[in-house]
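Please keep the sequence and the model at hand while reading.

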Number of protein chains: 2
Amino acid sequence: MELELIRRLSQPADTKVILCVLDGLGGLPGPRGRTELEEAHTMYLDRLAEAGCLGRTLPVGYGITPGSGPGHIGLFSYDPLAYEIGRGALEGTGIGFDLGPDDLAARGNLCDLDADGNITDRRAGRLPTEETARVCEALRAISLPGVEVFVEPVQDQRFVLVLRGPGLSDQVAETDPQREGVKQNDAAALSPEGQATSGLVREWITRAQEILRGRERGNGVLLRGWSKRPDMPPFPELWKLRAAAVTVYPMYRGVAKLCGMDSLDGAHTFEEQIAIVRDHWDEYDFFFMHYKYTDSAGEDGDFRRKAEAISEFDALLPGLTALNPNVLVITGDHSTPATMAAHSFHPVPLLLWGDNVRKDYLHQFNERNCAMGEIGTIPAKEVLPIAFAHAGRLAKFGA
Amino acid sequence: MELELIRRLSQPADTKVILCVLDGLGGLPGPRGRTELEEAHTMYLDRLAEAGCLGRTLPVGYGITPGSGPGHIGLFSYDPLAYEIGRGALEGTGIGFDLGPDDLAARGNLCDLDADGNITDRRAGRLPTEETARVCEALRAISLPGVEVFVEPVQDQRFVLVLRGPGLSDQVAETDPQREGVKQNDAAALSPEGQATSGLVREWITRAQEILRGRERGNGVLLRGWSKRPDMPPFPELWKLRAAAVTVYPMYRGVAKLCGMDSLDGAHTFEEQIAIVRDHWDEYDFFFMHYKYTDSAGEDGDFRRKAEAISEFDALLPGLTALNPNVLVITGDHSTPATMAAHSFHPVPLLLWGDNVRKDYLHQFNERNCAMGEIGTIPAKEVLPIAFAHAGRLAKFGA
């Protein structure tokens with residue numbers, strides 16, 4: 001649904017909707033010919049499947065493997081092709097940095113340079129995170145005219161550089177040549193509007209490398225993914241409701257906050273996430289819950305662990321249904337088949353349970369059944385319009 | 001299919017197509033776990049399902065509950081989001097008022113006002129239609145500068161006000177506050193272009209309430225849904241054919257006429273509608289037939305009566321197939337599950353029978369089978385392109 005139409009038809013209602021994202025949920029048949037979801041113990045998911053209806057999401061489009069950003073942006077009812085989160089903005093978001101509308105962010109790597117300035121290791125031997133934190137502290141000494149500068153450590157040799165000020169542009173070249181044995185690229189302007197920013201970036205790099213000179217590892221910086229936060233209409237305003245994200249990992253919290261959701265922090269496990277939802281049940285109409293472990297296991301190529309992560313989620317599910325949401329949606333932001341050890345382009349299983357559901361009499365929540373389900377295979381951005389329709393939160397169109 | 005492409009590829013042929021719309025056809029499982037369609041006697045529909053193929057329509061979009069206007073506009077192959085029929089235009093259309101391109105229409109209610117001008121009954125005790133007709137007759141005495149004025153009774157206390165003249169705008173506030181115990185709203189201009197029209201409307205209301213003063217019931221007027229007719233290319237021209245609507249209720253006749261179809265009037269039952277189609281078989285290539293009773297029962301929340309309405313339709317179906325149309329399409333303009341007692345957003349069952357059909361070997365016409373059918377789940381506006389393709393009325397695209 002177009003955002004303008006959402007804005008026009010959305011209406012408040014006394015109903016609760018939970019969107020539960022099992023990261024990388026979709027899979028492929030493993031050693032025994034069954035997918036992770038088919039191999040897992042899914043007694044409670046299967047009961048919901050029986051009482052609800054199934055379908056699949058296409059996160060961005062046919063054949064497109066989504067990153068975590070677009071995977072979630074889509075589920076939040078925005079077109080992930082219209083609202084791209086650049087790598088810099090995503091990295092900043094991922095460490096919980098609150099990106100403002102005037103901020104320009106880049107992903108940084110500390111790297112090793114030889115005496116001629118050639119890159120000998122793009123990752124500076126994967127410098128320890130604590131060491132990178134100390135380096136970032138030192139780099140904060142650099143000030144630039146007319147902008148605020150933030151340097152934040154991420155993990156290993158990675159850091160985020162954020163410039164804050166009016167008129168900054170993402171039209172600046174990436175300095176990381178993405179290979180070794182060559183010099184870094186110049187942070188040149190990619191178009192006339194990038195010229196002022198290019199000047200600031202060049203100055204920052206020069207001064208940073210002066211500070212780092214003489215270090216054995218990490219005597220250079222590489223910057224890429226210049227980006228600002230996408231300018232999307234806030235989710236609560238669009239849908240006329242109070243929305244909370246209940247996550248463990250900063251990345252997903254960050255994407256939800258970019259969309260204008262509140263974040264209820266403090267959970268370290270899905271059990272604690274459920275407890276937080278329960279504690280704040282009356283304060284919100286919509287809860288986004290993120291479950292990470294399906295994806296991490298999938299990315300590691302660990303079929304059995306991914307199946308176990310699903311089983312563990314299943315065992316906790318009664319705690320969620322006990323809250324009696326009007327609509328509960330369970331899906332993924334993309335597929336991460338353990339056999340591929342990576343995100344994939346495959347459609348993602350979708351389960352919808354609650355009020356006004358047209359049952360499809362499919363009794364098991366798995367990829368095959370989802371392909372035959374009542375909901376069909378739909379763009380991820382249509383999941384919440386459908387869920388909110390079931391919850392009485394969309395008015396009739398036309399007389 | 002885009003209208004321009006329809007215009008380009010449509011071609012005359014010596015074939016007949018019937019589109020039969022069972023209003024509000026789609027349902028949800030009722031008390032016995034089966035939908036209205038599953039509960040009904042559908043011997044003839046099931047035979048057609050077996051010999052034809054199934055699918056589902058999405059009337060406007062995912063999660064969108066359509067009104068009758070957009071539900072039909074879509075089935076007539078127009079994008080219901082591009083051609084919106086406002087409430088006033090729909091009400092005028094519904095009583096058979098021939099809306100011209102310069103006409104601005106509003107839905108009117110006669111209401112009761114107390115001595116202070118507060119609304120005590122928005123519907124004037126549901127004034128009898130004949131009484132409202134007499135009131136409308138009296139209100140026709142009001143003339144306004146530069147425009148023609150029409151006041152037409154609808155049903156009970158409802159009437160339509162149509163202003164005809166150049167430059168009229170729908171940017172006028174609705175005077176119906178939609179609740180009682182308060183004064184009516186001012187017919188203010190909603191934007192600068194509405195100013196002249198606002199002046200005319202205010203004058204009409206003042207003079208109308210002068211005329212009605214002293215009446216015990218119906219001494220005030222409430223107006224809403226200011227709208228003009230949508231400017232759509234005529235259906236017969238688009239499709240290069242002769243099209244007739246055979247309906248009982250004026251609303252559906254009206255929407256068909258807005259699309260440029262002829263209307264063959266006089267039927268009071270579906271049996272009579274079939275007789276009219278038979279009598280005019282040679283004069284038209286396309287017949288739109290509307291069956292109301294499924295929707296009225298659904299809206300009343302009467303599960304059994306909706307199932308019976310389907311059974312009654314089924315019993316009459318042989319009279320239609322006996323005409324040997326090249327293609328017969330049976331679907332709904334939206335779902336009206338009796339359990340919801342309202343229009344809903346659920347996809348709508350679709351049956352296509354006739355020439356060149358790819359059978360899907362599904363033997364029963366119901367929601368579950370339709371979700372698995374050959375046609376898939378398609379936007380309602382693609383139903384007629386597919387039907388006309390089966391009837392040889394769409395030329396090849398490209399050499």
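## Packing and chain contact

Leaving aside its neighbours within four places in sequence, A:Leu19 is in contact (heavy atoms within 4.5 Å) with A:Leu75, A:Phe76, A:Phe286, A:Phe287, A:Phe288, A:Met289, A:Val329, A:Thr331 and A:Leu384. The model is predicted, so local features need pLDDT of at least 70 and side-chain atom pairs count only at pLDDT 80 or more, while totals for chains, interfaces and linings use all residues. Residues are numbered from 1 along each chain as its sequence is written, chains are lettered from A and ligands numbered from 1 in the order in which they are written, and side-chain values use heavy atoms, with hydrogens and water left out.

A:Leu19 is also among the residues with the most contacts inside the largest nonpolar core, which has 58 residues; the others are A:Phe76, A:Tyr78, A:Phe235, A:Phe286, A:Phe288 and A:Leu352. Such a core is a set of buried Ala, Val, Leu, Ile, Met, Phe, Trp, Tyr and Cys residues joined through side-chain atoms within 4.5 Å, where buried means under 20% relative accessible area with a 1.4 Å probe, protein chains only. Helix α14 (residues 383-390) of chain A gives the most to this core, with six residues; helices here are DSSP runs of H or I, at least four residues, numbered from the N terminus. Apart from this core lies another, of 53 residues, which includes B:Met1, B:Phe76, B:Phe97 and B:Leu352.

In chain B, six of the eight residues of helix α14 (residues 383-390) are buried, so the helix is largely enclosed by the rest of the structure.

Chain B can be laid on chain A with an RMSD of 0.7 Å by a turn of 123 degrees and a shift of 0.0 Å along the axis, by least squares on the C-alpha atoms of residues with pLDDT of at least 70 in both. That is the relation of a three-fold axis.

The table gathers values for the contact of the two chains.

| Item | Value |
|---|---|
| Residues from chain B | 30 residues |
| Residues from chain A | 25 residues |
| Area buried between chain B and chain A | about 2,200 Å² |
| Share on carbon and sulfur atoms | 61% |

Buried area is the accessible area (1.4 Å probe) that two parts lose on being put together, summed over both. The side chains of A:Arg8 and B:Glu84 meet in a salt bridge at 2.6 Å, N to O.

Notes: Buried means under 20% relative accessible area, exposed over 50%, partly exposed in between (1.4 Å probe, protein chains only). Helices (H or I, at least four residues) and strands (E, at least two) are DSSP runs, numbered from the N terminus. A salt bridge is a side-chain nitrogen of Lys or Arg within 4 Å of a carboxyl oxygen of Asp or Glu.
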